[in-house]
Structures are given as C-alpha cells and as structure tokens.
Amino acid sequence: VERFTAYHRRSYICKAGLGDVMLGAAATVAEYNGVAKASHIKDKIIEIAYLNENIGGTALAANYAGKAMPAGNFLPDVL
C-alpha cells in the first residue's frame with residue numbers, strides 16, 4: 001500500500017495542470033455571467049488555486065526526494 005501511495009502521489013502532477021485549466025474555465029464563466037466579483041465565487045476560485053498548488057507541490061516533493069533503487073526503478077519518497 002505504501003508504494004502504491006507513493007507512485008500515485010507522484011503521478012498526481014498532471015492533476016494540477018488539469019486543475020489550472022478548470023480554474024481558468026470557472027473564472028471565465030464567472031466573468032461572462034457577471035458574478036466574478038461576488039465573494040463566494042472568489043472564495044471558491046481561491047480554494048481551487050490553493051488545492052492545485054498543494055497537489056502540485058506534494059507531487060514535486062515526492063519526486064525530488066525520491067531515490068533510484070538497485071533494480072533501476074525510481075521510488076518516490078513516501079513523505
């Protein structure tokens with residue numbers, strides 16, 4: 001389970017990119033509908049940005065602190 005979690009966390013970097021696209025789409029839709037300045041809309045957009053950065057940072061940290069195994073495969077840090 002620990003190794004699966006490590007590889008899963010490492011591969012989540014693509015989710016941050018997808019989240020950025022969704023964030024841009026949500027901000028654009030809010031702007032088109034004239035609600036971009038509403039506090040609850042801003043709060044949600046900020047929360048999406050926070051989660052994207054958290055996901056991306058965790059994935060980068062797992063990769064950065066990982067190590068090569070004797071068999072030649074790469075094992076991300078389990079943090």
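Reply: In this predicted model, a nonpolar patch on the surface is formed by L18, V21 and M22. Together, these residues have about 310 Å² of accessible area.

V21 belongs to helix α2, which covers residues 13–32. Its relative accessibility is 58%, and because exposed means over 50%, V21 counts as exposed.

K42 is found in helix α3, which runs over residues 39–64. The relative accessible area of K42 is 43%, so this residue is partly exposed; that class lies between the limits of 20% and 50%. When residues up to four places away in sequence are not counted, K42 touches A36 and K37. K42 may also be related to K15: the two are 27 residues apart along the chain, and their C-alpha atoms are separated by 21 Å.

With a relative accessibility of 37%, H8 counts as partly exposed. Along the sequence, 68 residues separate H8 from P76, while in space the two lie 9.6 Å apart, taken from C-alpha to C-alpha.

In summary, V21 in the nonpolar patch is exposed, whereas K42 is partly exposed and H8 is partly exposed as well.

Key:
Residues are numbered from 1 along each chain as its sequence is written. This is a predicted model: local features need pLDDT of at least 70, side-chain atom pairs count only at pLDDT 80 or more; totals for chains, interfaces and linings use all residues. Side-chain values use heavy atoms; hydrogens and water are left out. Buried means under 20% relative accessible area, exposed over 50%, partly exposed in between (1.4 Å probe, protein chains only). Patches are made of residues with over 30% relative accessible area and no salt bridge: like charges are joined within 9 Å, nonpolar side chains (Val, Leu, Ile, Met, Phe, Trp, Tyr) within 5 Å. Accessible areas come from the Shrake-Rupley method with a 1.4 Å probe; for residues, only the protein chains shown count as cover. A salt bridge is a side-chain nitrogen of Lys or Arg within 4 Å of a carboxyl oxygen of Asp or Glu. Helices (H or I, at least four residues) and strands (E, at least two) are DSSP runs, numbered from the N terminus. Contact means heavy atoms within 4.5 Å.
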